[in-house]
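Here is a short briefing for a first look. Please read it with the sequence and the 3D view side by side.

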Amino acid sequence: MSRRIFILYTGGTIGMVNKNPADSKSPLVPQDWESLQDYMPSIQSDGYFQRDKGIEFEYVSLNNISDSSQFTTKDWLRMSHEIESRYEDFDGFVIIHGTDTMAYTASGLSFLMEGLAKPVVITGSQLPISHSRTDATNNLSSAIHIAAADAFDIPAVNEVCICFNDRLLRGNRSTKMSTNDFEGFESPNYGHLAELEERIKVHQRRLLPPTELPFSVHKALNSHVMDIGLFPGLLPHQLENLIGDDSIDGLIIKTYGSGNAPTNDEFVEVLSEAQRKGTFILFITQCFHGGVQLGKYQASKVFDEIGIISGGDMTSEAALAKMMYVLSKTKDPIEVRNLLLQDLRGERSF
Ligand code: ASP
């Protein structure tokens with residue numbers, strides 16, 4: 001039985017080469033995927049995947065392949081459109097992406113794709129595929145195994161995930177941890193979806209339950225959303241200058257610990273005033289593990305009382321993408337609050 005896998009190349013280190021080939025210190029720039037496929041014999045027409053497993057590939061490159069630091073939410077919409085237009089024709093999807101904003105894209109796509117019932121696996125690498133010690137071939141090969149699960153007799157992971165360094169992580173639970181380690185990603189508040197060791201072990205009880213909704217792609221994101229981090233010494237008027245702009249619909253504040261922040265009257269008033277002007281405010285934690293529990297400490301109780309929304313244990317990438325998604329659907333205060341507090345795609349545990 002043949003399986004069809006769609007591979008979308010968006011850029012990133014995996015496909016980069018030195019701008020000046022004679023100078024290994026010159027900046028890395030992305031290159032067309034066609035010129036790089038030779039580095040991965042297993043995906044070629046006479047290679048392992050096609051010859052032994054009957055897997056057919058189709059490749060498309062985004063027309064603006066780039067370092068992922070250049071991507072905006074429009075690129076998430078483009079990527080989800082590429083998948084939507086081929087959804088019925090393919091069994092699984094692999095997105096090749098730079099690591100810098102991979103966790104943001106994974107979070108964004110997880111919300112944009114409603115009723116997803118096929119694997120969407122995002123991968124990239126810390127070293128270009130042309131490098132003699134590259135991690136790209138392992139990461140891409142692993143991602144193809146997950147996307148074409150039944151060819152390898154493993155359970156299907158029908159969600160947006162990140163496959164990197166022998167681990168499969170839920171996309172909207174992931175965060176980039178290292179600029180250089182091969183172990184570049186972690187999902188601090190959620191167990192790995194699979195380990196890819198000598199055998200591939202999928203942790204089925206950690207997967208999202210099967211969806212009953214038909215697949216569709218939401219076509220909008222509200223980009224009037226901002227996130228800022230607290231630090232000792234942040235003055236209320238500085239915060240006011242940052243958020244006083246009426247066009248901000250959603251504000252994510254990375255608070256201390258389990259949702260603590262300065263409780264002086266001026267600070268609280270700046271947040272209350274922003275809410276009165278229509279800005280929804282969500283607190284997340286700046287800690288790597290754990291989440292926000294408003295009211296656990298006196299230093300967070302007042303924020304619960306003024307209606308700040310708790311982001312629980314969401315990553316900042318998931319919180320941002322979710323806020324953009326929710327605020328593109330509704331501005332009704334009760335609906336926004338309910339949707340942000342609800343676990344929509346496995347992005348929060350409380
Ligand atoms: N700056 C690169 C990018 O995100 C890093 C990488 O791909 O690993 O595109």
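Buried means under 20% relative accessible area, exposed over 50%, and partly exposed in between (1.4 Å probe, protein chains only). This is a predicted model: local features need pLDDT of at least 70, side-chain atom pairs count only at pLDDT 80 or more, and totals for chains, interfaces and linings use all residues. Residues are numbered from 1 along each chain as its sequence is written, and side-chain values use heavy atoms, with hydrogens and water left out.

**Helix α5**
- Helices (H or I, at least four residues) and strands (E, at least two) are DSSP runs, numbered from the N terminus.
- In α5 (residues 236-243), the buried residues are Pro236, Leu239 and Ile243.
- They lie on the same side of α5, because they cover an arc of only 60 degrees around the axis (taken from the directions from the helix axis to the C-beta atoms).
- They pack against β15 (225-229), β16 (250-255) and α6 (265-276); contact means heavy atoms within 4.5 Å.

**Aromatic pairs**
- There are 14 aromatic pairs in the structure.
- Rings of Phe, Tyr and Trp (its six-membered ring) pair if their centres lie within 6.5 Å; planes under 30 degrees apart count as stacked, over 60 as edge-to-face and the rest as tilted.
- Phe6 and Phe90 have ring centres 5.6 Å apart and planes at 55 degrees, so this pair is tilted.
- Phe6 is in strand β1 (residues 3-9) and Phe90 in the loop between α2 (73-84) and β5 (92-96), so the pair ties together parts 84 residues apart in sequence.
- Both Phe6 and Phe90 are buried.
- Ring pairs join Phe6, Tyr87, Phe90, Phe93 and Phe215 into a cluster.
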